Amino acid sequence: MRLILLGAPGAGKGTQAELICESLNIPAISTGNILREAIRNETAMGKMAKELIESGELVPDDTIVSIIKERLSENDCANGFILDGVPRTVTQAEALDKLGVQIDKVVAIEVKDEDIIRRLSGRRVCSACGASYHLQYKPSREPESCDRCSGKLIVRKDDEPKTIVERLNTYHEQTEPLVDFYRQHDKLIVIEGQEEVKDTTNLLFTALGIKI
Ligand code: AP5
């Protein structure tokens, strides 16, 4: 399956992508994770992206297109993939078409802005490996410590309340037009993001015909 997950920041794309990739054994590709790793490693791309990400803006389309072109050429993508958070502009979607990337389905996860703001304030991420947790919905076993690598859990810089509002504005202006774009291409499934992770997973897996 070649799938795109669309949705506002904090809609649950990363959380659901992880569950689909476990179930179907295909890679989940998050441009956000790739960029955060570049920031941690202080590469040229990371240095360029840092300020944009921390102020809630998008990274330039040409950077994203070259990331995704390289990543999709890797062997593990041969039998399918999940794109989490990419494309994020109509220009990026058109670039995927031009690269000949075939997409089976696009799932838009809809969550109200006020729920997003509340939800993202509870997210914690591992400063070492990037694993994601939530104080209420996905707590770590030990407070402030990563289950996977024991790294320290922190609040993502772009999860500060002011930046969340900026990211939501960016989403509505630049990414939401993709909902119509993919509706016109007959690829779109819309699901309502639920309060509980497992309820969203049930809706998503049913819509995609995946056995739970
Ligand atoms: P990125 O990392 O993609 O951030 P985002 O889209 O803002 O997505 P998030 O990671 O915040 O949210 P999510 O939808 O994955 O939610 P999650 O599952 O974590 O991008 C970061 C930045 O990089 C962008 O702002 C931009 O600057 C840049 N960038 C990346 N891609 C780009 C591109 N293509 N073009 C240009 N720039 C790009 O869930 C959130 C929290 O809620 C978690 O703690 C989770 O446990 C919890 N949760 C999840 N589901 C539920 C549920 N159903 N109920 C309750 N809680 C839930």
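This is a predicted model: local features need pLDDT of at least 70, side-chain atom pairs count only at pLDDT 80 or more; totals for chains, interfaces and linings use all residues.

Trainee: What is the volume of the largest cavity?

Mentor: About 40 Å³.

Trainee: What makes a residue part of the lining, and which residues line the largest cavity?

Mentor: A lining residue has an atom within 4 Å of a cavity point. Leu-5, Leu-6, Gly-7, Lys-13, Gly-85, Pro-87, Arg-88 and Thr-175 line the largest cavity. Strand E1 (residues 2-7) gives the most, with 3 residues.

Trainee: How do the lining residues split by class?

Mentor: There are 3 nonpolar, 3 polar and 2 charged residues. Gly counts as polar in this scheme.

Trainee: What kind of peptide bond joins Val-86 and Pro-87?

Mentor: A cis one, with omega at about 0°. Pro-87 sits in the loop between strand E3 (81-84) and helix H5 (90-98).

Trainee: Why is Ser-150 called exposed?

Mentor: Exposed means over 50% relative accessible area. Ser-150 has 57% relative accessibility, so it counts as exposed. Its phi is near 65°, a positive value in a residue other than glycine.

Trainee: And why does Asp-186 count as exposed?

Mentor: Its relative accessible area is 68%, so Asp-186 is exposed by the over 50% cut-off. Asp-186 lies in the loop between helix H8 (177-184) and strand E8 (188-192), and its phi is near 60°, again positive in a residue other than glycine.

Notes
Residues are numbered from 1 along each chain as its sequence is written. Side-chain values use heavy atoms; hydrogens and water are left out. On a 1 Å grid over the protein atoms alone, a cavity is a set of points where a 1.4 Å probe fits but cannot get out, and a pocket is an open set with protein on both sides within 12 Å along at least five of seven lines; lining residues have an atom within 4 Å of a point. Grid points are joined across faces, edges and corners, and a volume is the space filled by probe spheres set on the points. Helices (H or I, at least four residues) and strands (E, at least two) are DSSP runs, numbered from the N terminus. Buried means under 20% relative accessible area, exposed over 50%, partly exposed in between (1.4 Å probe, protein chains only).
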